[in-house]
Amino acid sequence: MENPGSLDELIRALRCLPGVGPKSAQRMAYHLLQRDHEGAGRLSGALAAALDRIRHCASCNTFTEAEQCAVCASTRRDRTLLCVVETPGDLLMMEQTQSFSGMYFVLMGRLSPLDGIGPKEIHLDRLLKRATDGVVKEVILATNFTVEGEATAHYVSELLSAKGLMVSRIARGLPVGGELEHVDSGTLAQALVERRPA
């Protein structure tokens, strides 16, 4: 027996979400249609509204409904510091630390030549313009410690250093409250390499 065409389309649409395979998409579709019509309507409405209202901040490239996001519009931020992150989720995590009062630039990805993602796709032209505006004194690279994140940090560092900007990279090492026996050997080795005076 075949599913109705609209049900198949819903299942295919749900598969665009990260980590959602055919079985998970099918379970979600059946759940929404069988048990949660109200939730399905809310999901549909919220998605339509977000697609209609959300745009990129003119300054930092994160998601916003206004011309500028709340961080960029704030007069209390240190405009001489610019932190580069991969995603809006990374910006949110940085803000939750309450330890950074500078500005941000969100790449919306990372360099990944195998996936066809180059400098143009992650808005490096906009980053370069923003970083060389005469106000920014230091750029802090806070890309992820993945192969692609490291390659992106290296590329951006070379690009901005050539323009005379001070570029730094967030540190890595042991998590706060972590115990040595539970830390992977790569993290422990990096913590030893990047040790500092006590």
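Trainee: Is Thr62 buried or exposed?
Mentor: Buried means under 20% relative accessible area, exposed over 50%, and partly exposed in between, using a 1.4 Å probe and protein chains only. Thr62 has 8%, so it is buried. This is a predicted model, where local features need pLDDT of at least 70, side-chain atom pairs count only at pLDDT 80 or more, and totals for chains, interfaces and linings use all residues. Residues are numbered from 1 along each chain as its sequence is written, and side-chain values use heavy atoms, with hydrogens and water left out.

Trainee: Where does Thr62 lie, and what does Thr62 touch?
Mentor: Helices (H or I, at least four residues) and strands (E, at least two) are DSSP runs, numbered from the N terminus. Thr62 is in the loop between strand 1 (55-56) and strand 2 (63-64). Contact means heavy atoms within 4.5 Å. Not counting residues up to four places away in sequence, Thr62 touches several residues, including Arg55, His56, Cys57 and Met108.

Trainee: And Glu86, is that buried or exposed?
Mentor: Glu86 counts as buried, because its relative accessibility is 1%. You'll find Glu86 in the loop between strand 3 (78-85) and helix 5 (88-96). Leaving aside neighbours within four places in sequence, its contacts include Val106, Met108, Arg110 and Asn144.

Trainee: How do I read the packing of two helices?
Mentor: Two packed helices are described by the angle between their axes and the distance between the axes. Axes are lines fitted to C-alpha atoms, for helices over the stretch in contact, and angles run from 0 to 180 degrees between N-to-C directions. Here the axes of helix 1 (residues 5-14) and helix 2 (residues 22-35) come within 8 Å and cross at roughly 125°.
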